[in-house]
Amino acid sequence: MKRLIAIVSTLCILSFGAVAQVGEFGFGVGTSNFLGDLGKKSPKMKNYFGDLSGSMFRPSVQVFYRHTFNPRIALKGSLSYGQIAGDDRLSNTTQHRDDGWYRSYRNLHFKSFLLEFSVTAEFHILKYYPGSLKHRWTPFISGGVALFAFNPKAEYNGQWVALQPLGTEGQGLPQYPDRQKYSLVQPSIPLGFGVKYNINRALCLTFEAGHRITFTDYMDDVSQSYVGRDEFFDYYGAERAQMVYQLSRRSPEIDPEGSYASITDKGNPRGNPTGNDGYLFSMVTLSYNFNKNNRKEYNPFAKKAVKKYKRIMR
């Protein structure tokens, strides 16, 4: 991450003074979604979109400031808000005891807000400048750094309960010193692509889709193995222990007889600790170029340019 920050900063510093620079304020609307242990459309899908479920897309909004240094590079600072969710009931259960069946039997779910502040560099594929009608559009790629906040919750007795303080995987218990409570503020690396188009000399319409690489596997509060019932009751009071235990394993809701209860025994996998979670934003944004001096398209055949040309030719 330090190396990425250094590269982005160096590119932006080198671009200062190359040409006139333009600043834009803008806002956007779009969607957010989640990639993790919960909510996969089909757990064994190998392609990227196989991990996404259309029913889990949630609305999102964004405000931003963008500074274009030259026709190839812009720097964008943005504040984005969205929601994410996941539910094991979306897993494919066509075959008994396959991966999708196990996920469905686990029966966990969550939802969370998502608040992100990011700084990204945008690299234009074509020559582009805000307000230009000659170079009015370009595809681009982007990358940068971000901080995001989240707070996974699950429904319990008709109320949505925050999961992080409860330690559903033994965080805080003396038997699990390696499982510390995860932070609700985390860094991420935004990577994206999109298209910019100048509607006129003042307004720019942009579409951008971006994936976020994170460094946590607990956005959905699921990562490692099940904790034993007695471990919760030995450490917490009876009421709190019962709540944590029921939120950590919800398969009894669909298997009250306990026919397959051994699946959720202590030490058995509850999540997949080998990969971190991720999330994405897709936005359509509208920005306003407030630097009026840069809205005039250069015209080599304007009167002043023609007069200067005639003087040179004499």
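Biologist: Why does Asp221 count as buried?

Modeller: Buried is defined as under 20% relative accessible area, exposed as over 50%, and partly exposed as in between, with a 1.4 Å probe and protein chains only. Asp221 has 2% relative accessibility and therefore counts as buried. The structure is a predicted model, in which local features need pLDDT of at least 70 and side-chain atom pairs count only at pLDDT 80 or more, while totals for chains, interfaces and linings use all residues. Residues are numbered from 1 along each chain as its sequence is written, and side-chain values use heavy atoms, with hydrogens and water left out.

Biologist: Where does Asn107 lie, and why does Asn107 count as buried?

Modeller: Asn107 sits in the loop between H2 and E4. Its relative accessibility is 3%, so Asn107 counts as buried. Asn107 also has a positive phi of about 65° without being a glycine.

Biologist: How many helices and strands does the protein chain have, and what share of its residues counts as buried?

Modeller: There are five helices and ten strands in the protein chain. Of its 314 residues, 48% count as buried.

Biologist: What makes Asp88 and Arg106 a salt bridge?

Modeller: The term requires a side-chain nitrogen of Lys or Arg within 4 Å of a carboxyl oxygen of Asp or Glu. The closest N and O atoms of Asp88 and Arg106 are 2.8 Å apart, and the pair forms a salt bridge. This pair links distant parts of the chain, Asp88 being in the loop between E3 and helix H2 (99-106) and Arg106 in helix H2, 18 residues apart. Asp88 and Arg106 are both buried.

Biologist: Why does the pair of Glu122 and Lys196 tie together parts that are apart in sequence?

Modeller: Glu122 forms a salt bridge with Lys196, with the closest N and O atoms 2.6 Å apart. Glu122 belongs to strand E4 and Lys196 to strand E8, so the pair ties together parts that are 74 residues apart in sequence. Both Glu122 and Lys196 are buried. A network of salt bridges links Glu24, Arg66, Glu122 and Lys196.

Biologist: Is Lys266 buried or exposed, and is Glu231 buried or exposed?

Modeller: Lys266 has a relative accessible area of 53% and is therefore exposed, whereas Glu231, at 8% relative accessibility, counts as buried. Lys266 and Glu231 form a salt bridge, their closest N and O atoms being 3.2 Å apart. Lys266 is in the loop between helix H4 (238-248) and E10, and Glu231 is in helix H3 (residues 229-235), so the pair ties together parts that are 35 residues apart in sequence.

Biologist: Why does Phe148 count as buried, and with which residues is Phe148 in contact?

Modeller: Phe148 lies in strand E5 (residues 137-150), and at 1% relative accessibility Phe148 counts as buried. Contact means heavy atoms within 4.5 Å. Neighbours within four places in sequence aside, the contacts of Phe148 include Leu114, Val185, Pro187, Met219 and Tyr279. Phe148 and Pro187 are 39 residues apart in sequence and 6.3 Å apart in space, C-alpha to C-alpha.

Biologist: How many cavities of 30 Å³ or more does the structure hold, and which residues lie nearest the centre of the largest cavity?

Modeller: A cavity is a set of points, on a 1 Å grid over the protein atoms alone, where a 1.4 Å probe fits but cannot get out, and lining residues have an atom within 4 Å of a point. Grid points are joined across faces, edges and corners, and the volume is the space filled by probe spheres set on the points. The structure holds two cavities of 30 Å³ or more. The largest has about 120 Å³ of space, and Gln62, Lys76, Thr120, Glu208 and Arg212, among its 15 lining residues, lie nearest its centre.

Biologist: Which element gives the largest share of the lining of the largest cavity?

Modeller: E9 gives the largest share, four residues.

Key: On a 1 Å grid over the protein atoms alone, a cavity is a set of points where a 1.4 Å probe fits but cannot get out, and a pocket is an open set with protein on both sides within 12 Å along at least five of seven lines; lining residues have an atom within 4 Å of a point. Helices (H or I, at least four residues) and strands (E, at least two) are DSSP runs, numbered from the N terminus.
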